[in-house]
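User: I would like to learn how to read helix packing and a ligand site in a model. Could you walk me through an example?

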Amino acid sequence: MKFLPYGKQWIDDDDIQAVVETMRSAFLTQGPKVKEFEERICKYTGAKYCIAVANGTAALHIAIASLQIGKHNEGITSPNTFMASSNCMIYNGIKPIFADIDSKTYCVDPEKIKEKITENTRLIIPVHFAGQPCEIESIFKIAKEINIFVIEDAAHAIGSKYEDGSRVGNCKYSDLTIFSFHPVKTITAGEGGVITTGNKELYERLLLLRNHGITKSEMRILGYNYRLSDIHASLGISQLKKLDKFVERRRELVKKYNEAFINIDWLATPYEKPGVYSAFHLYVLMIDFDKAGKSRRQVMEELKLKNIGTQVHYIPVHTQPYYQENFGYRQGDFPIAEKYYQHALSIPLYPRMVNDDVDYVIKSMVELKDETDFNKHSGYSIIPIREIDMELIRQWRNEQIEILRQKTPITAHEQRRYFKEFIKPSFNEKKPDQILFSYLLNKGLIGYGGLTNIDWESKRAEISFILDPKRTRNKNLYRKEFSSFFKLIKQVAFNHLSFHKLYVETFDIRSLQVSFLEESGFVLEGRLKDHVLINKTYHDSLIHGLIK
Ligand SMILES: Cc1ncc(COP(=O)(O)O)c(C=O)c1O
């Protein structure tokens, strides 16, 4: 089965053809294709000027440099971003200051920006997170009142529209806007970025900054080599032609996800502020991991085993060690961004996903919780056993428990996968006559057991189980572990497999087991006189049953 990453480019033959044509032409590095790409970006966004550069980070770096702010001043941005947004301030000698995010849009909150303004503030870099345009009008107003600059970090937002219906990047509400064309972005140039602006002076300075600060042969300012190549630009041009189609498809997929997840109480779907149009670079679900009964790491690992890629956008920047060590930020400084981070998980979203892919992701997400129900009981859990591990159990029956402990190759992880991928699908073809589980306490093996003699017609099964003999010597421990196992197995049988009836065979000498069975709700249904020979004596076989 193919892997579904959280994001992915869509390259067709025409994109490849466009690149090949450039490679056969006279220009490889910056030439006519870069110019054309810039003109097309202007046309698309409505911006007056555009400068194409090597990547989005380079765009941010020289965008800030072009403002000639001077060192030791401050810039404000969101803690919920890729660190390039604030790193680029540091490159320019500007201290990064964060302002907390809005709990609905996950973009920087203008009210929180106001609280962070000091006499040293010269710049605000709002980020249109995941494609959702932030409250740019309010932010621009705040900035212009005190005569400071705004650079929109629109790395996620090519194709998005503000509340007034105009396109992000037109610089109506900012001095400069940057975009990134990294392959996971909405369109790609392989690598690449652009800066748009309506300001001629900034534009001219940016042209210099992109190319070593050189005009003809004179170097007047310190610049960089941040040129984009014509090879990249030709891919960018080809992709730009499809941008609206890509965004429409992203929004269709988002709608499908939203409809599927809306009534699931442990999932919250992304919010889109009424009036704005998000290009949905990412689909970030908020997951109540407590309710799901799993940590984010477990969820990510389980989804990965099902060929579903996920990612966390973002670890709040102020919690990164570099920021803590160099700027004194601490956990707890931006509580909304931190709370957001604890729940966030980006699941696959890219235009090439077909409906079956989305359905598969939806099904896998929903099933995450199903599986949890019987795996979360005060440290006790049961996980299915593979057929090939049966020999180990036979050894264990012979009380060679230490050998088993050393040899057991079964991890909780592998077994969960086995249950999902092997046992469940196999119900539809050949239904197994037994399903066995390892019985764990806080991930340590304490026993085995399961459903045997399964009668799928009448939905009945026998329960059999064995506990580590050492543990059964302590009566209280034995009772506790016995009853927890029965609780878990009843849940699997009645809730997950829809069985109607369970029964257990035991022997009259096992009086403890009999009393525990009765405590677990089983009733004696039958007795076979002198049915088994144990230690040279015949014993009665007792059948206890439980109806759903
Ligand atoms: C919000 C944001 N800003 C800036 C960048 C930097 O872009 P690039 O990777 O093209 O350097 C990224 C890239 O992921 C980003 O997500």
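Analyst: Happy to! Keep in mind that this is a predicted model. Let's start at the ligand: its shell holds 14 residues, and the closest are Gly56, Thr57, Phe82, Ala155 and Ser180. By type, the shell divides into 4 nonpolar, 9 polar and 1 charged.

User: Which helices each supply at least two residues of the shell around the ligand?

Analyst: Helix 3 and helix 4 do.

User: Then how should I read the way they pack?

Analyst: Two packed helices are described by the angle between their axes and the distance between the axes. Here helix 3 (residues 56-66) and helix 4 (residues 84-91) pack at about 45°, and their axes are 9 Å apart. That angle makes helix 3 oblique to helix 4. Their crossing is right-handed.

User: Which residues of helix 3 and helix 4 meet?

Analyst: From helix 3 come Gly56, Thr57, Leu60, His61 and Ile64, and they meet Ala84, Ser85, Cys88, Met89 and Tyr91 of helix 4. This contact comprises 6 nonpolar residues, 4 polar and no charged. As for spacing, an α-helix has 3.6 residues a turn, so residues three or four places apart point the same way.

User: Is helix 3 largely enclosed or exposed?

Analyst: Helix 3 is largely enclosed by the rest of the structure, because 11 of its 11 residues are buried. Among them are His61 and Ser66.

User: What happens just after helix 3?

Analyst: There, Gln68 takes a positive phi of about 50°.

Conventions. Residues numbered from 1 in each chain as written. Predicted model: local features only at pLDDT ≥ 70, side-chain atom pairs only at ≥ 80, totals over all residues. Axes fitted to C-alpha atoms, helices over the stretch in contact; angles between N-to-C directions. Helix = DSSP H or I, 4+ residues; strand = E, 2+ residues; numbered from the N terminus. Parallel < 35°, antiparallel > 145°, perpendicular 65-115°, else oblique. Left-handed = near helix turned anticlockwise from the far one by under 90°. Contact = placed C-beta atoms within 7 Å. Nonpolar A, V, L, I, M, F, W, Y, C, P; charged D, E, K, R; others polar. Near = placed C-beta within 6 Å. Buried ≥ 20, exposed ≤ 12 C-beta atoms within 10 Å, placed from the backbone.
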